[in-house]
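Dear colleague,

Please find the structure below, with the sequence.

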Amino acid sequence: MTLPSPPMSLLAELTHRCPLSCPYCSNPLELERKAAELDTATWTSVLEQAAELGVLQVHFSGGEPMVRPDLVDLVSVARRLNLYSNLITSGVLLDEAKLEALDKAGLDHIQLSFQDVTEAGAERIGGLKGAQVRKIAAARLIRASGIPMTLNFVVHRENVARIPEMFALARELGAGRVEIAHTQYYGWGLKNRDALLPSRDQLEESTRAVEAERAKGGLSVDYVTPDYHADRPKPCMGGWGQRFVNVTPSGRVLPCHAAEIIPDVAFPNVQDVTLSEIWNISPLFNMFRGTDWMPEPCRSCERKERDWGGCRCQAMALTGNAANTDPVCSLSPYHDRVEQAVTEASERPELLYRHF
Amino acid sequence: MTETPRIVTEETVLSFARGHRLQHDRVRDLWIVQAPEKAFVIEGAAPHILRLLDGKRSVGDIIQQLAIEFSAPREVIAKDVLALLSELTEKNVLHT
């Protein structure tokens, strides 16, 4: 038996706790509580096992990972293991002393999230008064420390028109990279889809804004589009169980952060099984690995090793069967459900905020 | 390739920009450069060149050392080294 190739990156969701309550949060609807969170020794073991398995980069995420008092220790562990460490943070808990401790521990990169460029827009999404000022202050501290910084903007119907101002803010704050990520419609995002999904015109305008900024040079731009307006699916996670492994606050190991919606399969936990066993032989990681599981139209499609059948969680959420072709694909018999969602998104329901 | 003024010459002293580093991936037995939110594989002569970057040696010193190490003509080595280091400097992986 040949083993699958090892994962490249680990998303370490240290906690689901967060001072913000964004209605598109990537955490699952069923949030894990503080009492269930792994302790420092277990996270250290996870990092050691990940490095041993072949992981090269660890993304410390959440929730807000800065609520964990052991974050600096875990960054040191990553450094000792030669794992490239990235902190994905809202920045609202960052101050000079904490940043200096993270810097000394060997943190390689920070991804700082912004909800908008305007205070009103940011507070409407994040739900935290004063957050924008704290984020700007955090960005200036990071800039002064020299730690490379990416600004992340999640965009949706309400803020998509302000993409040029987002780039201007990134340049003003001295970020090397900007990520303009259209909301992904899973979990909380899916609950709020009809309120957040941009129109096709808005999407086209946002793509033009990104292209115009790239043409200026001097700022590296990552652009993630919403796949509801596409006719071919995205190669979700670079293929199930191929490059990416996610560990939740309580130690569940997942092929992607949304995978807990997949029914009829056990979610292995690092407290019970080794990471390598989970990656290599667990039913969860093997259920959609490669191309053998594929139904038509994927099975005979020339793109099957490019998009890997798209996203399993989207197939689950929109067709009720995770083994179906991603309905974003126009060849899917369920593609009308995506088209219908685009039409329904013209209404304006209220936002539903994430909560425990 | 278009002719642009060379930002890297034999006198340049280079090192990795913050957030970038050369690393041997022992699980896959590959050399990689770690960078913000990505890692890229480098092959052929590139790892031999990049491991000599220490922020002290000049590009000329690196060329000299590799010419001796690989018993290869200096001008051949120089061409490869300058091309690689220019490219990575333009991409902000390396800086002076």
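The chain passes from β5(A) to β6(A) through helix α6 (residues 163–173) of chain A, a right-handed β-α-β crossover (right-handed if, with the strands pointing away from the viewer, the path from the first strand over the helix to the second runs clockwise). The pairing of β5(A) with β6(A) is parallel and has six bridges; two strands count as paired if DSSP finds at least two bridges between them. Helices (H or I, at least four residues) and strands (E, at least two) are DSSP runs, numbered from the N terminus.

This is a predicted model, in which local features need pLDDT of at least 70 and side-chain atom pairs count only at pLDDT 80 or more, while totals for chains, interfaces and linings use all residues. Residues are numbered from 1 along each chain as its sequence is written, and chains are lettered from A and ligands numbered from 1 in the order in which they are written.

β5(A) also runs parallel to β4(A), with five bridges joining them; A:Phe114 has A:Phe153 as its bridge partner. Seven of the seven residues of β5(A) are buried (20 or more other C-beta atoms within 10 Å of its own, with C-beta atoms placed from the backbone). One side of the strand carries A:Met149, A:Leu151, A:Phe153 and A:Val155, and the other A:Thr150, A:Asn152 and A:Val154.

In helix α4 (residues 119–126) of chain A, the buried residues are A:Ala122, A:Ile125 and A:Gly126. They lie on the same side of α4(A) because they cover an arc of only 85 degrees around the axis, taken from the directions from the helix axis to the C-beta atoms. Their cover includes β4 (109–114) and α5 (131–145) of chain A. Just after this helix, A:Gly127 has a positive phi of about 75 degrees.

Under "binding site", an unreviewed UniProt entry lists A:Cys18, A:Cys22 and A:Cys25; such annotations may be inferred rather than shown by experiment. A:Cys22 is placed in the loop between β1 (9–13) and α1 (40–53) of chain A, and A:Cys25 lies in the loop between β1 and α1 of chain A. A:Cys22 is buried because 24 other C-beta atoms lie within 10 Å. Leaving aside neighbours within four places in sequence, A:Cys22 is in contact (C-beta atoms, placed from the backbone, within 7 Å) with A:Gln115, A:Ile125, A:Gly126 and A:Arg354.

Kind regards

Methods
Buried ≥ 20, exposed ≤ 12 C-beta atoms within 10 Å, placed from the backbone. Contact = placed C-beta atoms within 7 Å.
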